[in-house]
Amino acid sequence: MQPRNMSMSGVVDLAAVKAAGEAKAKAEQARAEAARQGGGGGVSPSALVIDVDEAGFESEVLQRSAEVPVVIDFWAEWCEPCKQLGPLLERLAREYNGRFVLAKIDVDANQMLMQQFGIQGIPAVFAVVAGQALPLFQGAAPEAQIRQTLDQLIQVGEERFGLTGIVVDQDAAEGADRAPAETPAGPYDALLEAAARALDANDFAGAVQAYRNVLSDDPANTEAKLGLAQAELLFRVKDMDAQQVRKDAAERPADVAAQLAAADLDLVGGHVEDAFGRLVETVRRTFGDDRDAARVRLLELFEVIGPDDPRVVAARTALARVLF
């Protein structure tokens, strides 16, 4: 077993595995049977979130991924962002109702798996689809971003591998819904959910305000900081003329505002290293307020990607060189 890091596009380009058709037929048959029986024909909602170790990885993750995408949450007890992300992923696993299974792996107890996946920081979230591993994101990403990633993952599983998910026993699910929550909602859950809904609706100004409301009372709230950075970025680029912005940046390399706008577009377009490199270079050749503006924008973009991402670590080192 040798998991491989792959981009989403790489998974889309893979040939369908031999078991894809069988998995799809099996899942559809199970759904039909559960519908005929009026419930009780599927797995318990508790089976949607599982703890996995090295001994069980083959059966619990690799074999299971021939039937349903398996999302892997690499975490540790000492990791503070993990404590924010873990409950969110567990809630989404139940909400998606069998479209994916969440496997939680404690890196302290499973060092070999951590090494095989090439993990450099946690929390780190991967997926396994039909036996193929791919990285999803690193750090405590905002809920809206996580939902978008999960939707894309599920679409890939269905279109390329015929993975229609697993059937959940709806009677058991309804009983779980009626049971009292073990953990009461946090004081900022409503505001964070409102911010996520605003992001989903492209109400970036509303999302910015909601995240700021949380941070005004709890400046260290990790989810709010990440969400605010993303919302502010999307708000800045929503009305940009991309072609004009890139033309201005190319023609006016000394124009700090032009470089900041181009860096925002770079990041939104997925060109993370380009965005960071552009701003580090702007910091290097400017002084005073211009330098500070470029430095602050770079730190804001670091928040969007997450502090443990290797690209952020490398850019921080480059920034330190030009500053000192």
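**Note on the predicted model**

1. Val167 sits in the loop that links α6 (143–161) to α7 (170–178), where helices are DSSP runs of H or I with at least four residues, numbered from the N terminus. This is a predicted model, in which local features need pLDDT of at least 70 and side-chain atom pairs count only at pLDDT 80 or more, while totals for chains, interfaces and linings use all residues. Residues are numbered from 1 along each chain as its sequence is written, and side-chain values use heavy atoms, with hydrogens and water left out.

2. Val167 is buried, with a relative accessible area of 12% (buried means under 20%, with a 1.4 Å probe and protein chains only). Val167 and Arg99 lie 68 residues apart in sequence, and their C-alpha atoms are 8.7 Å apart in space.

3. The axes of α13 (residues 272–285) and α15 (residues 310–323) come within 9 Å and cross at roughly 10°, the axes being lines fitted to C-alpha atoms over the stretch in contact, with angles from 0 to 180 degrees between N-to-C directions. α13 is therefore roughly parallel to α15, a term for angles under 35 degrees.

4. The mean pLDDT of the protein chain is 81, and 81% of its residues reach 70 or more (pLDDT is the predictor's confidence in each residue, from 0 to 100). Over residues 1–24 the pLDDT is below 50, although this stretch has 49 contacts in the model beyond near neighbours in sequence.

Note on methods. Contact = heavy atoms within 4.5 Å. Helix = DSSP H or I, 4+ residues; strand = E, 2+ residues; numbered from the N terminus. Buried < 20%, exposed > 50% of the residue type's maximum accessible area, 1.4 Å probe, protein only. Parallel < 35°, antiparallel > 145°, perpendicular 65-115°, else oblique.
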